[in-house]
Amino acid sequence: MKGKCYINGIGCVSPQKTHDGSFLEEVIDFRNASVYEVSKPDYQKYISPVSVRRMSSAVKNSIVASSMALDEAGVDDLDAIITGTGFGCIQDSEKFLKGLIDHDEDFLTPTPFIQSTHNTVAGQIALLRKCRAYNFTYVNGANSFPSALLDALLQITSMEANTILIGGVDEMAPHTRALFQTLGQFKKNDTEFDYLDNKTEGCTSSEGSAFFVLSNEHMEETYAEVVDVFFLNNLVSQDVKTFTIEFLTRNNLSPNEVDCVLLGKNGDLTFDVVYDDFSSLFPSSNQLVFKHLFGEMLTAPAIALWLSCKIFKTQSIPKSLALDVPRSSVNYILIYNQYRNSDHSLMLLKNV
Amino acid sequence: MAKIAISGMGIVSSIGMNVEENFNSLVQKRHGISRLEHIESKLNNSIFVGEIKLSNKELEAQLGLDQAHNFSRTAMLGAIAAQQALKSAELTTEGDQLLGFVNSTSVGGMDMTERFFYEFLISDEYQRFIELQNTGVNSKNISDFLGICGISTTISTACSSAANAIILGARLIDSGRLERVLVGGTDALCKFTINGFNTLMILSDDLNAPFDNNRKGLNLGEGAAYLVLESEKSLQNRGKQAIAYLSGYANTNDAFHQTASSEAGDGAYLAMQKALKKAELTPTQIDYVNVHGTATPNNDLSEGRALIRIFGDCVPDFSSTKAFTGHTLAAAASIEAVFSILALQNQVIFPNLNFREKMIEFDLVPVTATQDAKLYHVLSNSFGFGGNCSSLIFSKHGE
C-alpha cells in the first residue's frame, strides 16, 4: 500500500520573524552583514528560564520550532522524531574543545561534552515529550535535512508510520566561523556585497531551526504534500539539468508544470552559477530565492520547505523572495539546493 | 518485511585489519586492549583503549592517498573497511546509481580539528582539514574514494549510529530506492572523546569486564565496519548468494536521560521487542545475543534488566565483544554486526572476556569460552547518548 505524505504543522525560528507565524510581511535587512542572527522568539513561553540559560541555540530554537509545529498539527503521539543538522551542536563542541586545549586536559566538566553530540536536539525533544519512538539524526552537510525528509517520506508512504516530526537545525560558534572565513567558505567580516548581483566569494553563515509534522492523513491544517525528495553528493556522471529532468520524469512532471522553483543561491560568486543552469530549464516558472533574507546554513533546505508551505497556504509569494513578477496560483514548487557544487538536493511539493 | 540480504562485509579494529584477522582473534580470545600510543594525552597511563596500532602515515600508505589529501583518521579507517566490504560483495561502483552509501560517525573530523584548532588560523599548512568539521565531508571523502554515485548520507546518533545506518540501508532497499547499499560506521580515537568520557567518569583504569559484578567502566576503542545490503533481485541478477540476512530491526528512545539508561531499560526493551516483531520471530527463536555490554555499571544493569523483560527465565547465550575491541562508539554496531554474521557463518559464540563474578542484581552469566552452537538468529544491541536504542536481528542464510 502506498500512502501520501502531508505536512500538517510547521514551525520556524530564523533570522526573519518567522517565529510569530507571520510571512515576511516585515523584512529584516541583513545586507552586508557578516552574520545572520536569529530573530529571537520568547523562549520562556516554551522553556523554563533556568533551562533557557543552559541550552545552546540549536536546542532552544528547535524546542520552540518543534512545539509550534506540533501545536499546529494538534498531535502528541509521534511515530518518529528525525532531525538533520550540518554542524550539530557546534557551540558545546567548541566550548569543550577550547577547555581541553586551553587547560591542557584539566578542569573539564561533562555538560558541554554531553550536549556536543549531534543527536542532542532529537534526544532532548524525545526527553521533553517522553517520546520513546524512532529517533534519528542525519549529519551529512547540505543533504542532512533532505536525508531526514527522505527517511520520513519512506516511512509515511509505506504506512510504517502515521505521524513523524522532522526538523532541520544549525547553529554557529565563533571560532568555527572564523575558521570557515579563513578557508574562504564564509565571507570575511565587513565584505560589501549585493546578494542578488554578487561579485564576492563565500557565503554568510546563519542559524535557525525549522520543524514539520508529516502525516499520511490529509487534514484541514494541511499545508502541502511532499511528492518526492532526492539528493546526491556529486553530479559526476551527469549535469544538473539531467539530474533535474530525470527526477521530474520519475514523478511524471514536465518543467512547465512547476509553478515555482526555489533556489538555494547563497551569494557565492563561484558556486551560484550552478543555479543558472538549473533555472534555464524553467523559463515559464517563477524563480524564487531566500538566502539573502535567511543567510546560509547547511540545513537551509528546511527553511526553503517552510517558505514553500507558507506559499501554498497563503497562495501568495512575498515580493522579497521573487526574482520576477510573482504568480497568484501555485500548484507545484521545486526546491533545489547545493553547497559549493556538492550536496545537490531536490524537494518536490504539491498544493492540496 | 522482506528479509534483506547481506552480500559482503569489511572491518578494521584493534583485533585485526580485516574479517579473517578479527575472527581469529575472537576465537583465540586475543583482545586488542592496550595503552594509548598514537595520541599524546594526560590520560595515556591511566586508561586502556582498543587502539589500531597503525599511524596515520601507515593508513595513508595503505589507501594510496596523495600528500594533499584531507582524510581524517576516522575517514581513513572507514575507507579501508568499506573497500573490503565492496570487494567481498564483488561489487564495482562505477556508474551504479543504485548503489548507495549510508555512513555513520560521531567523531567525524574531530581528530584533526583538535590537533590544529588554533594553528589553522595562523598557518595554511593544514587548512584543508578545517572543512572536516562539516561531518558530511568525512563521509564524502570515503564515498568519493570508492567512486560511489548513488544516494549517500550520514547518521550520527552516538553509540548506536552504525545500527541506524544499517536500518536506513534496509529501508532504502525495501522501498526500491536502491538495489545495493554500503552501510556501517567509523570512529577514530581522539582526545575529545577520551576526555569527554573521562569527565563522565565511566572509563575503566583496567581491562573492561562486561556484565561482571566488579566492572569499572568502558575502554574506548577505534575502528570501522561496513556491510553490503542487497535486494534479492540484484543478488539473483548477479548470480550471488547472501552470506546472511538482516531479518529485523528497530530503533527507539529511552526518553529518560541525555546520557544514562533507565533503570528498567525501557528503550532497550522496546527496541528488542519491535525488532522481534519486525522479524516475525518469538524470543525463544533467538539463539545468541551480542549485547551492547559496554561494562559501565549503568549500561550492563539496564540492558540486563531489559533482557530479562524480553526473555524471562530463558535468556539466550549472550556475550559482549567490547572486551576485545573496546567501545568503538559510532562503529560499534557495525563491528558487532560483522561479529554476529561471523557467529552465524561459523556456528560459534564468541567469549565475553574478563568476566569473573555474576552481577548481584540478576542471574545472568555470559558465555566466557569460544563455544560451538547451533545458531539461526542472532540479536545485536546498540545503545547511545540521547536515549538512542537499536536492535538488529541477523539470520542464517537459508533460514
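Q: What does the side chain of B:S34 make a polar contact with?
A: A polar contact is a pair of N or O atoms within 3.5 Å; within protein, one must be able to donate a hydrogen and the other to accept it, and residues adjacent in sequence count only if both atoms are side-chain atoms. Here the partner of B:S34 is the side chain of B:K53, at 2.8 Å. Keep in mind that this is a predicted model, where local features need pLDDT of at least 70, side-chain atom pairs count only at pLDDT 80 or more, and totals for chains, interfaces and linings use all residues. Side-chain values use heavy atoms, with hydrogens and water left out, residues are numbered from 1 along each chain as its sequence is written, and chains are lettered from A and ligands numbered from 1 in the order in which they are written.

Q: Is B:S34 buried or exposed?
A: Buried means under 20% relative accessible area, exposed over 50%, and partly exposed in between (1.4 Å probe, protein chains only). B:S34 has 17%, so it is buried. You'll find B:S34 in the loop between α1 (19-27) and β2 (49-50) of chain B; helices (H or I, at least four residues) and strands (E, at least two) are DSSP runs, numbered from the N terminus.

Q: And where is B:N103 placed?
A: Look in strand β3 (residues 99-104) of chain B. B:N103 counts as buried because its relative accessibility is 1%. Its side chain joins that of B:Y226 in a polar contact of 2.6 Å. Contact on its own means heavy atoms within 4.5 Å, and, not counting residues up to four places away in sequence, B:N103 touches residues including B:S139, B:I142 and B:T186.

Q: How do I read the packing of α6(A) and α7(B)?
A: Two packed helices are described by the angle between their axes and the distance between the axes. Axes are lines fitted to C-alpha atoms, for helices over the stretch in contact, and angles run from 0 to 180 degrees between N-to-C directions. Helix α6 (residues 144-157) of chain A and helix α7 (residues 161-174) of chain B pack at about 55 degrees, with axes 11 Å apart. That's why α6(A) and α7(B) are oblique to each other (under 35 degrees is roughly parallel, over 145 roughly antiparallel, 65 to 115 roughly perpendicular, and the rest oblique).

Q: Which residues of α6(A) and α7(B) meet?
A: From α6(A), A:L150, A:D151, A:L154 and A:Q155 meet B:L168, B:R171 and B:L172 of α7(B).
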